Amino acid sequence: MADLTNDEIHALGRSVGLDIQEPELTQVGYSLNAILEAMAAIDVPGANGIEPLPLILLGQEAQDEF
């Protein structure tokens with residue numbers, strides 16, 4: 001996977017309400033790209049064959065989220 005660019009990272013941040021500016025943008029880029037690279041190296045046999053399930057919060061947990 002190619003590294004995310006500063007423009008892509010800035011757009012991702014804005015999508016969740018963060019306005020990341022320099023010099024933090026470059027540091028976030030280094031960290032985020034390192035995390036993505038490390039995650040790509042994880043290979044759990046059979047994990048890709050498992051269908052993900054939605055997260056359903058019940059009771060107090062659901063109220064705390066809102």
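**A walk around the chain**

Okay, so let's start with burial: of the 66 residues in the protein chain, 11% are buried, where buried means under 20% relative accessible area, exposed means over 50%, and partly exposed is in between, using a 1.4 Å probe and protein chains only. Before you get attached to any detail, this is a predicted model, where local features need pLDDT of at least 70 and side-chain atom pairs count only at pLDDT 80 or more, while totals for chains, interfaces and linings use all residues. Residues are numbered from 1 along each chain as its sequence is written, and side-chain values use heavy atoms, with hydrogens and water left out.

On to the overall layout. The protein chain has 3 helices and 0 strands, running α-α-α from the N terminus. Those are DSSP runs, numbered from the N terminus, with helices being H or I of at least four residues and strands E of at least two.

Which residues of α2 are buried? They are L25, G29 and N33. Down the axis of α2, the buried residues fall within an arc of 65°, so they line one face of the helix; the arc is taken from the directions from the helix axis to the C-beta atoms. As a reminder, an α-helix has 3.6 residues a turn, so residues three or four places apart point the same way.

And what do the buried residues of α2 pack against? That would be α1, with contact meaning heavy atoms within 4.5 Å. Take L25: it counts as buried because its relative accessibility is 8%. Leaving aside neighbours within four places in sequence, L25 touches N6, I9, H10 and I20. L25 also sits 9.2 Å from D7, C-alpha to C-alpha, though the two are 18 residues apart in sequence.

G29 comes in at 4% relative accessibility, so G29 is buried too. Its C-alpha is 8.5 Å from that of D3, 26 residues away along the chain.

The face of α2 turned away from the buried side carries exposed Y30, M39 and A41.

M39 turns up again in a nonpolar surface patch of about 410 Å², together with I35, I42 and V44.

In general, most peptide bonds are trans. The one from E22 to P23 is cis, with omega near 5°, and P23 lies in the loop between α1 (6–15) and α2.

Definitions and conventions
Patches are made of residues with over 30% relative accessible area and no salt bridge: like charges are joined within 9 Å, nonpolar side chains (Val, Leu, Ile, Met, Phe, Trp, Tyr) within 5 Å. Accessible areas come from the Shrake-Rupley method with a 1.4 Å probe; for residues, only the protein chains shown count as cover. A salt bridge is a side-chain nitrogen of Lys or Arg within 4 Å of a carboxyl oxygen of Asp or Glu.
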